[in-house]
Amino acid sequence: MDLPVDEWKSYVFQKWSLLPKSTQVTISTAETLSDIFLHSSLLLQPEDEMFLQNLSRGYLVEKDPNAPLFYREEGNKKFQQKDYMGATVLYSKGISHSRPHTADISLCYANRSAALFHLGQHEMCLKDIMSAQMHGYPERLQPKMMLRKAECLVTLGRRQEASQTISDLESSFAAKPTLTAAQFQILQTNLCRLKMKAQEKESLTETFPAALTKALEDMDLKGENGQVPSASSSVSLRTDPLRGRYLVATKDILPGELLVKEDAFVSVLHPGEMPPLCHLESKWDTRVTNGDLYCHRCLDHTLATVPCDGCSYAKYCSHDCMQQAWDLYHSVECSLGGLLLTLGVFCHIALRSTLVARFEDASKVIRKLCGEIRNRDTCSPERETLVQTLTCDLGGESENKGKMLEPPVPGCDLNGKYESNYNAVFHLLPHTGNHSPEHRFLCALSVSALCRRLEAAGCYKPAAAVPPGSGSELDVWGVAMLKHVLQLHCNAQAITTIQHTGSKENSVTNSRQVRLATGIFPVISLLNHSCSPNTSVSFISTVATVRASQQIGKGQEILHCYGPHQSRMRAAERQQKLRSQYFFDCSCAACQNEKHSAATGPRWEAFCCRSCGALMQGDDVLICGSTSCTESVSRDHLISRLQDLQQQVGMARKLLRNDKPEGAIQLLLGCQRDAQSFLSGEHSLVGEMEDDLAQAYAALGDWQKSATHLQKSLQVVEVRHGPSSVEMGHELFKLAQLFFNGSRALGSTLKPRGPHLGQKQGRPHLRQLGIALHAIRMFQQDTDKSIPTRPLFL
Ligand SMILES: [Zn+2]
Ligand SMILES: [Zn+2]
Ligand SMILES: [Zn+2]
Ligand SMILES: [Zn+2]
């Protein structure tokens with residue numbers, strides 16, 4: 001997904017293998033990115049572009065006038081099955097394929113408003129009703145929609161607007177004798193019901209996630225850092241030849257302290273893990289992807305997407321986001337949708353970075369890149385070129401020339417400030433020499449193809465800043481994009497979110513971390529890697545926050561994990577991953593320790609002695625670890641017992657899924673007794689069983705018992721993944737949900753009758769919210785397992 005699709009990859013690799021040896025050598029030994037780009041670009045033939053164009057057609061990104069009806073009908077089917085979520089997404093797809101001010105778009109909006117209404121999304125429902133009306137919703141269908149509008153307003157406690165809508169409805173009925181008696185009767189009944197509801201309605205309390213998200217958004221950096229504005233004053237930017245640029249603590253830091261808060265320079269939403277449509281039977285795709293559920297600009301989750309007017313691919317949470325995206329980059333990207341999906345997210349980010357930069361700092365960028373192109377005949381190594389482009393930039397002001405002798409930290413501006421801007425992005429290392437010649441060729445050819453399309457579409461505007469003889473401006477643009485694509489290999493940051501699975505009725509939902517987008521964060525890229533980092537990263541929209549996950553002493557380096565974490569991978573595997581993706585050998589504390597300590601099995605896979613309970617040791621035959629005990633047993637025997645137990649647990653889960661929590665509990669309690677006789681108390685399966693029990697008790701509404709089991713599961717998770725892991729966060733979040741549901745259940749049966757009762761309930765409620773807040777914070781931490789960030793100058 002980050003790289004181009006496989007078909008294009010193998011096409012380019014084959015092209016590479018058929019090139020004359022001398023051409024291969026020229027490209028392989030090219031000293032600068034400009035040379036690599038210009039040589040490769042000359043080799044891009046019209047038939048290559050044709051091939052790529054055909055691949056791009058596999059993605060349906062244009063508006064198809066026949067699609068809205070199809071999606072509306074599919075949506076109606078889901079609606080009838082009461083799958084309102086599924087219906088909403090299908091109506092959204094219909095909306096994104098409709099042209100503005102058509103019957104199609106107004107009908108899709110109206111239908112979506114009905115689905116949203118059933119999902120309890122009243123605000124969104126109201127917005128969709130407005131959109132339906134704006135796009136010309138048919139008069140004869142109005143009454144039903146107005147009734148829905150009134151109902152939303154009543155539910156939201158907006159009484160005045162509600163009664164206005166109700167009286168409008170009444171007068172329009174009076175004016176419409178076309179209504180049949182039966183229709184009139186139904187409407188009258190509904191109106192009466194609504195009026196009564198409006199009178200009863202008390203103000204609505206804020207829902208659990210909304211309250212917490214708000215609390216989280218209020219988090220700010222403690223003190224402004226003069227040198228790195230996105231970092232707190234507790235850290236400072238350093239540089240040395242060994243570590244490159246890095247951050248250190250300037251004072252003692254406590255766990256949880258916010259160290260960096262940075263908005264992505266750019267981010268691109270991942271289209272989702274689905275193959276292009278050409279592999280499917282149906283012309284239109286009914287599957288749900290991230291692209292249907294998250295704003296393509298701010299990455300907020302939304303059910304009521306607002307589509308781009310020009311394409312069916314880009315969707316946003318609001319008109320504001322749509323307009324911003326259009327002004328910054330989508331006006332160029334809109335017609336390139338299929339090509340960008342074919343070339344992959346890295347190419348897309350590369351293009352978007354240059355588009356955003358043009359508006360931010362256009363002439364400066366061009367000058368820098370011209371410096372690089374001008375130097376292409378001098379065969380200077382890339383590092384030198386970087387320094388030159390930087391000093392060239394400094395030389396722009398003649399009185400600053402004296403400072404050239406002592407260049408500031410790369411990526412900083414004249415005042416030594418390191419900001420999250422294009423200058424900083426530009427100075428992230430592309431590690432050109434570490435990529436294979438084929439990979440460089442693939443990237444260069446992909447970017448060339450993109451440039452040709454940009455040229456054909458008339459997307460680039462010549463700037464006056466280009467000195468004559470420095471190559472065309474489009475080439476400069478191409479070199480910049482090639483550089484970004486190569487940088488991303490080591491510097492891309494996965495932006496993740498938590499997706500909830502499982503039914504709505506299940507009060508303890510399961511969740512998994514999914515990758516939502518890829519972004520560039522120049523400040524986070526300053527952090528070096530450790531397999532046992534002292535920070536963790538989390539995201540709200542496109543904003544990343546880095547918090548201390550443990551105490552960090554003054555002078556210690558701030559470290560971040562690029563993915564291979566010690567709790568998930570053994571040292572050898574981590575080393576291999578880091579070497580292949582980030583081109584370095586890790587020598588962090590965890591790697592050093594693992595090298596020296598004997599390879600003892602992890603506690604979460606350990607067996608225990610059936611007579612004394614001590615941990616068993618050994619390979620094929622396990623012997624009790626206690627010196628006073630002589631118990632021994634074959635590993636095979638224990639493994640087959642473990643498998644039996646897993647099967648039983650699987651059956652219990654099935655019962656749970658089929659709404660038979662009592663049966664599940666019976667079975668699980670038996671499993672627990674069995675487990676005690678041979679598994680360590682910290683075995684993963686023991687933890688999982690506690691978790692299942694918690695779910696079963698929650699299904700029965702026994703919050704107390706549920707919480708007890710969840711707390712036991714929490715202990716096991718902590719042993720395996722550490723106190724600040726994302727796994728731990730998930731468990732804590734579940735616990736918070738339990739407390740919340742528990743207190744709500746209590747609240748509904750025991751309505752406070754006097755002030756003293758209310759107070760009594762209020763206090764634990766606050767404490768539970770505190771726990772929930774903590775849980776959410778932890779549960780949003782951590783980075784993606786595959787592609788986190790890389791800093792520079794190793
Ligand atoms: Zn948005
Ligand atoms: Zn568009
Ligand atoms: Zn390590
Ligand atoms: Zn023993």
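The model is predicted: local features need pLDDT of at least 70, side-chain atom pairs count only at pLDDT 80 or more, and totals for chains, interfaces and linings use all residues. Residues are numbered from 1 along each chain as its sequence is written, chains are lettered from A and ligands numbered from 1 in the order in which they are written, and side-chain values use heavy atoms, with hydrogens and water left out.

## Overall make-up

The protein has 28 helices and 15 strands. Both are DSSP runs numbered from the N terminus: helices are H or I with at least four residues, strands are E with at least two. Of the 794 residues, 52% are buried. Buried means under 20% relative accessible area, exposed means over 50%, and partly exposed lies in between (1.4 Å probe, protein chains only). A contact means heavy atoms within 4.5 Å. Among contacts with a separation of 6 or more, 69% join residues 24 or more positions apart.

## Zinc sites

Donors are N, O and S atoms within 2.8 Å of the metal (3.2 Å for Na, K and Ca); water is not among the atoms, so sites may look incomplete. Four donors count as tetrahedral if all angles lie between 85 and 135 degrees; four count as square planar and six as octahedral if opposite donors are over 155 degrees apart and all others between 65 and 115; anything else is irregular. The ideal angle for four tetrahedral donors is 109.5 degrees.

| Zinc ion | Protein donors | Distance |
|---|---|---|
| ligand 2 | Cys 308 (SG), Cys 311 (SG), His 330 (NE2), Cys 334 (SG) | 2.1 to 2.3 Å |
| ligand 3 | Cys 531 (SG), Cys 586 (SG), Cys 588 (SG), Cys 591 (SG) | 2.2 to 2.3 Å |
| ligand 4 | Cys 609 (SG), Cys 612 (SG), Cys 624 (SG), Cys 629 (SG) | 2.2 to 2.4 Å |

Take the zinc ion (ligand 2). The donor residues are spaced C-x2-C-x18-H-x3-C in sequence.

The zinc ion (ligand 3) has angles of 104 to 114° among its four donor atoms, which makes the arrangement tetrahedral. The donor spacing is C-x54-C-x1-C-x2-C. Cys 531 lies in the loop between β9 (528-529) and β10 (535-540), and Cys 588 in the loop between α21 (571-582) and α22 (589-596), so the pair ties together parts 57 residues apart in sequence. Cys 531 is buried at a relative accessible area of 0%. Cys 588 counts as buried too, at 9%.

At the zinc ion (ligand 4), the angles among the four donor atoms run from 93 to 126°, and the site is tetrahedral. The donors follow C-x2-C-x11-C-x4-C along the chain. Cys 624 and Cys 629 are buried.

## A helix pair

Two packed helices are described by the angle between their axes and the distance between the axes. Axes are lines fitted to C-alpha atoms, for helices over the stretch in contact, and angles run from 0 to 180 degrees between N-to-C directions. Helix α7 (residues 103-118) packs on helix α9 (residues 142-155) at about 35°, with the axes 11 Å apart. From α7, the contact uses Ala 110, Ser 113, Ala 114 and Phe 117; from α9, Met 145, Arg 148, Glu 151 and Cys 152.

Thr 250 lies in the loop between β2 (244-249) and β3 (258-263). Its relative accessibility is 28%, so Thr 250 counts as partly exposed. Thr 250 and Lys 554 are 304 residues apart in sequence, yet 5.2 Å apart in space, C-alpha to C-alpha. Leaving out residues up to four places away in sequence, Thr 250 touches Ser 233, Ser 234, Val 235, Ser 236 and Lys 554.

Leu 299 has a positive phi of about 70°, although it is not a glycine. Leu 299 is placed in the loop between α13 (290-293) and β5. It is buried, at 3% relative accessible area.

His 431 is not a glycine either, and has a positive phi of about 50°. The loop between α18 (422-426) and α19 (437-456) holds His 431. At 12% relative accessibility, His 431 is buried.
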